[in-house]
Amino acid sequence: MKKNGPISRIYIFLIFLFLYAPIFVLIAFSFNDSRSNAVWGGFTLDWYLELFQNRSVLEALQTTLLVSVLATAIATVAGTASAIGFYNLRGRARTVCLSVNNIPLTNADIITGVSMMLLFVFTGQVLAQWGIDFSLGFPTLLIAHITFDIPYVILSVMPKLRQLDPHLAEAAQDLGATGLYAFFKVVLPELMPGIVSGMLIAFTMSIDDFLISYFTAGGQTSTLSMVVYSMVRRRVSPEINALSTLMFLAVLLLLILINLRQSGGLRRSRRAGRGPAAEGILSLANEDLDVPAQDR
Amino acid sequence: MSKELIRLTDLRMVFDDEVVLNSINLYINDQEFLTLLGPSGCGKTTTLRIIGGFQRPTSGDVFFDGVRINDVPPHKRKVNTVFQKYALFPHMNIFENVAFGLRIRKVPPAELKRRVEEALELVNLPGYGKRSVDSLSGGQQQRIAIARAIVNRPQVLLLDEPLGALDLKLRKDMQIELKKIQQQVGITFIYVTHDQEEALTMSDTIVVMDKGSIQQIGTPEDIYNEPKNAFVADFIGESNIIDGVMYADGVVGLYGKLFPCLDKGFDKDEPVDVVIRPEDIDIVPEDQGQLTGTVTEVTFKGVHYDTIVDFRGFKWLIQTTDYSPVGSRIGVKIDPDGFHIMKKSAYSGTFGDYSSYSDAYDELNEGPEGEDGHEA
């Protein structure tokens with residue numbers, strides 16, 4: 001087959017054009033010195049300045065970062081622990097647990113969001129009878145984020161567990177280490193690449209989630225994406241372009257980080273003569289497919 | 001011999017209704033090189049793991065230096081293990097791998113450094129401390145695994161098919177080296193393998209196991225020359241195993257003919273299994289032979305020819321440097337010490353006929369590299 005014929009070049013160019021044109025337009029207009037989204041009025045950074053004086057945006061940024069960092073931290077620990085638990089299950093139980101783990105990933109966000117909201121409201125009403133105040137707000141937002149982050153961590157730790165030599169922990173114990181010491185000193189460092197990938201994915205998911213946050217945050221708390229949404233509802237302000245550009249760049253940076261890590265890990269493991277070790281964010285969807293294959 | 005160090009009494013191990021170990025009784029002396037030998041699934045690895053503390057026997061006791069250690073966790077036992085796939089810690093360099101046990105024991109830095117370097121020297125890899133695990137070859141990683149274990153000065157070193165992943169040449173070198181290391185450090189080695197040649201080369205004592213039971217315990221010479229049953233005879237080297245009858249002390253009947261032999265102490269007219277090693281048979285002209293047969297197959301093996309001879313429907317393997325063409329009629333002569341008489345056992349009739357002999361036979365004999373689920 002001929003590589004890079006003119007037609008395939010044009011085709012690829014068109015694909016990338018359609019994919020990235022909207023983002024480039026957005027970025028361009030965030031520097032536009034005009035309220036219009038159609039006419040170029042010269043270059044300006046005013047929208048960025050205005051953005052950083054907007055109290056509601058700054059508060060939302062704080063909420064978003066806080067909820068993402070907290071949710072990621074908790075989900076990473078909980079997800080790693082669950083992954084190890086799942087891995088140590090026998091045959092069928094493990095397959096069932098992994099499938100159950102995968103359902104929330106494929107579930108529509110809106111269903112997850114609405115169902116969580118219902119659960120929180122219901123719980124709030126039950127707890128109100130005991131005089132405990134539990135209404136939608138930051139805590140419910142955090143719980144929701146932790147919940148949808150955990151499966152991503154499990155998915156990215158699992159392949160590392162499968163690669164793990166089951167005798168490593170035994171070897172450490174054999175040399176005098178207690179079970180706990182063996183885990184932290186020998187097993188955890190081996191899982192670390194998977195844990196870090198999972199953490200980064202969870203953080204990305206948390207930071208740009210809108211739907212689930214929208215339903216679980218309540219009236220008082222809002223995340224960045226919710227602020228964008230409410231700003232768009234009033235009128236399309238170029239401030240939004242600036243905010244969106246910044247969010248896009250932040251997520252892009254994270255993704256680049258993740259991919260650099262993974263390709264580094266891949267190169268290392270190839271050099272070591274092992275199979276492909278890194279599980280990219282792009283291969284996430286296939287992860288559940290190779291469960292039976294790896295179980296043989 | 002020196003004093004007894006480990007004793008296993010009536011060990012039984014049952015996984016999901018499957019009996020993996022069936023009444024294992026065994027004692028192991030201090031400074032002994034003992035090999036657990038058997039095909040995959042025979043329970044040898046399970047026995048080793050019980051001694052290492054990684055598995056608890058369903059019933060029975062493990063004694064170490066006279067103390068029952070069934071409930072002692074692995075990290076408190078005075079044994080160290082060399083695992084089949086080495087199980088080196090990939091995120092640590094060689095020095096840290098070897099130093100792992102010493103660091104846990106809080107050995108002072110100066111002594112730690114000295115002992116690690118000594119251990120690396122012992123396994124012929126001095127100065128490798130700074131290297132990463134990945135940069136070493138399989139054979140080198142194996143040596144590091146040994147260094148990592150013996151640097152802790154255990155009383156017993158457990159080795160689980162440590163040479164299984166190496167190629168033939170390297171394996172032979174390592175066999176000699178392992179034996180040397182064992183004599184140098186003077187500790188007990190308990191070695192698990194399915195490779196009979198490895199066992200014969202290195203061991204002081206061989207324990208032949210099959211189906212969760214011990215078949216025979218003895219020195220390499222004993223096991224080879226006086227196998228207790230057809231399984232042992234077949235598993236250790238090549239054997240022709242023929243039905244015979246003991247007519248009297250020193251007289252055995254095969255194919256209705258009488259042969260002088262050295263074995264005694266059987267009942268008169270007792271049916272027995274007769275083992276004749278392929279190298280104990282001499283090919284002679286037809287008219288001088290004690291038995292006569294037809295050559296059906298000849299394979300050149302380098303040092304000798306594997307000659308398959310049909311004696312009235314039962315095919316024998318003869319290993320000799322004399323070439324006899326296929327189809328020729330030959331006679332054979334067997335000296336009295338070439339006959340090994342065994343009592344009939346559950347294994348009688350299942351081994352020792354070379355009718356289905358082919359080149360594939362050798363590979364079948366090798367056994368798979370990995371063990372089955374229970375042993376992994």
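This is a predicted model: local features need pLDDT of at least 70, side-chain atom pairs count only at pLDDT 80 or more; totals for chains, interfaces and linings use all residues.
Residues are numbered from 1 along each chain as its sequence is written, and chains are lettered from A in the order in which they are written. Local features need pLDDT of at least 70, side-chain atom pairs count only at pLDDT 80 or more, totals for chains, interfaces and linings use all residues, and side-chain values use heavy atoms, with hydrogens and water left out.

**Chain A and chain B**

Contact (heavy atoms within 4.5 Å) joins 19 residues of chain A to 23 residues of chain B. On the chain A side, nine residues are nonpolar, four polar and six charged. Here Ala, Val, Leu, Ile, Met, Phe, Trp, Tyr, Cys and Pro count as nonpolar, Asp, Glu, Lys and Arg as charged, and the others, Gly among them, as polar.

Two elements of chain A, α7 (167–174) and α8 (179–207), each give two or more residues to this side. Helix α7(A) gives the most, with seven residues. Helices are DSSP runs (H or I, at least four residues), numbered from the N terminus.

A salt bridge is a side-chain nitrogen of Lys or Arg within 4 Å of a carboxyl oxygen of Asp or Glu.

**Two domains of chain B**

The domain assignment of chain B gives domain 1 (4–225) and domain 2 (238–364); such bounds come from an automatic or database assignment. The C-alpha centres of these two domains lie 37 Å apart. Six residues from domain 1 and four from domain 2 make the contact.

In domain 1, B:Gln215, B:Tyr224 and B:Asn225 lose the most area to domain 2, together 79% of what that side buries. Helix α7 (residues 220–225) of chain B supplies the largest share of the domain 1 side, three residues.

**The interfaces in numbers**

Buried area is the accessible area (1.4 Å probe) that two parts lose on being put together, summed over both. A polar contact is a pair of N or O atoms within 3.5 Å; within protein, one must be able to donate a hydrogen and the other to accept it, and residues adjacent in sequence count only if both atoms are side-chain atoms.

| Interface | Buried area | On carbon and sulfur atoms | Salt bridges | Residue pairs in polar contact |
|---|---|---|---|---|
| Chain A and chain B | about 1,900 Å² | 63% | one | six |
| Domain 1 and domain 2 of chain B | about 430 Å² | 31% | zero | three |
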